[in-house]
Amino acid sequence: MQTQLKVKLSLFNFLQYFVWGSWYASMGAYLTNTLKFGGQEVGAAYGAFAIGSMISPFLVGLLADRYFASEKLLAVFSLVGGLVLCALPSFKTFLPFYSTLILYCALYTPTLALGNSLALTHLDDSKTAFPRVKLWSAVGWIGGGVTLSLLNGEQSSIQFYLAGGVSIGLALFSLSLPHTPPKKTGENISAAELLGLDALALMKKPSFAIFIGCMFLICIPLYFYFVMMSIYLTELEWTKITAKMSLAQVSDIVFMFCLPIMLKKFGYKKTIFLGIAAWAARYFCLGGSVDATTLAAPLIFAAILMHGVCYDFLFIAGQLYVDDEANPKIRSACQGFIAFILWGVGAFVGTMLAGKVLAKYELVTKVGDEIQKRHDWANIWPVPAYLSVGVLIIFALFFREPTAKPTEDAEEPA
């Protein structure tokens, strides 16, 4: 039954995503309204997470697979990351803030791949048990967002102190996780393996390469939501924004229960197809809410509540697909590789493009001595909507459902 293990992994996911949910969704409003950063600076700040994710697979591939136990690395990264978060509010200008945020993200993002790899290593029935454990990440995100709203910290530095404190607690808890030693201790390794590039061997498979390409492409419009949503709702004069946006994670919990059923009945292709389609529908709802009157709020809530399909059927299903394609020796490297795509290069391009679009459609007005910034959302939301449709077409035409789990020999890098 592995009950105790599942409880520990569930609590770990709760705390890990509580940290993320405490600052990520609300940071855009803080940067725009409190620090008065421009659109491109906001996009660059969100891109710091992408830079951290591009560093992540090298840390995971080098450290977790070869030298240190995963649970100890999780503790160290969470402890130092919490201290960096607590220092972040002292920086009020862009470059120091941005540099420190990159440092924090470089410490946090490896914990995502390490946590997934640790769970998939110890759970007996990963296709069923992993989504059940992972749903507590959604509960954690809700907890972070609701707590921040209750503290009225959505446009203040409170969000970073909250996240930092919980991150230090996560560090202590990580030491109680199952011992997960490195799998390649004492082996002769190549330079490519030393950099954690073992997972690139899977790119020889055409369908896997198409999957990775589509995951990269969908991340470009995907990050418009994270960069812009809190700014959009602030300009609509919504209150308790992070609490309302946390309804997305309520949806996340519901669809996490549906994910094993979807995968068993329809397979990876149809499940991931629905995940990409949900992103397109989400942006069309947001675009339709701009000029709507009585329908504006229902359309926005519909966009928020689509998150379960958007996230679970795309990200979680994608992580399980990668785990199915990988053998145990390269599991950590493969999870690091998919993190590199989802939260690394794709996120970097997406956040940079979102920042440029935000800056392009920025409307500056002067009211008395105060300069106010608003944005032309009627021209902003169609951009990610049509980009998502393009990715959906590519995925539907070229991705092929895996027929059987590859043998270990076929997965070994050449």
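This is a predicted model: local features need pLDDT of at least 70, side-chain atom pairs count only at pLDDT 80 or more; totals for chains, interfaces and linings use all residues.
## Nonpolar surface patch

Five residues make up a nonpolar patch on the surface: L217, I393, I394, L397 and F398. Together they expose about 440 Å² of accessible area. Helix α16, spanning residues 382-398, gives the most to this patch, with four residues.

L217 belongs to helix α9, which runs over residues 206-235. Its relative accessible area is 30%. L217 therefore counts as partly exposed, since that class lies between the 20% limit for buried and the 50% limit for exposed.

## Positive phi at two lysines

K36 is not a glycine, yet its phi is positive, at about 60°. The residue sits in the loop between α2 (27-34) and α3 (39-64). K36 has a relative accessible area of 53%. Exposed means over 50%, so K36 is exposed.

K240 also has a positive phi without being a glycine. Here the angle is about 50°. K240 lies in the loop between α9 and α10, the latter covering 241-245. Its relative accessibility is 35%. That value falls between 20% and 50%, so K240 is partly exposed.

## Aromatic pairs

Two aromatic rings are described by the distance of their centres and the angle of their planes. The model holds 41 aromatic pairs. One of them joins F37 and F97, with 6.2 Å centre to centre and 75° between the planes. Planes over 60 degrees apart count as edge-to-face, so the F37 and F97 pair falls in that class.

This pair links distant parts of the chain, 60 residues apart. F37 lies in the loop between α2 and α3. F97 lies in helix α5, residues 94-122. Both F37 and F97 are buried. The loop between α2 and α3 thus holds buried F37 as well as exposed K36.

## A charge over two rings

Which rings does R282 lie over? The charged end of R282 sits over the ring of Y225, 3.8 Å from its centre. R282 also lies over the face of W279, at 4.8 Å from the ring centre. A charge over a ring must be within 6 Å of the ring centre. The distances to Y225 and to W279 both meet that cut-off.

Note on methods:
Residues are numbered from 1 along each chain as its sequence is written. Side-chain values use heavy atoms; hydrogens and water are left out. Patches are made of residues with over 30% relative accessible area and no salt bridge: like charges are joined within 9 Å, nonpolar side chains (Val, Leu, Ile, Met, Phe, Trp, Tyr) within 5 Å. Accessible areas come from the Shrake-Rupley method with a 1.4 Å probe; for residues, only the protein chains shown count as cover. A salt bridge is a side-chain nitrogen of Lys or Arg within 4 Å of a carboxyl oxygen of Asp or Glu. Buried means under 20% relative accessible area, exposed over 50%, partly exposed in between (1.4 Å probe, protein chains only). Rings of Phe, Tyr and Trp (its six-membered ring) pair if their centres lie within 6.5 Å; planes under 30 degrees apart count as stacked, over 60 as edge-to-face and the rest as tilted. A charge sits over a ring if NZ of Lys or CZ of Arg is within 6 Å of the ring centre and within 35 degrees of the ring normal.
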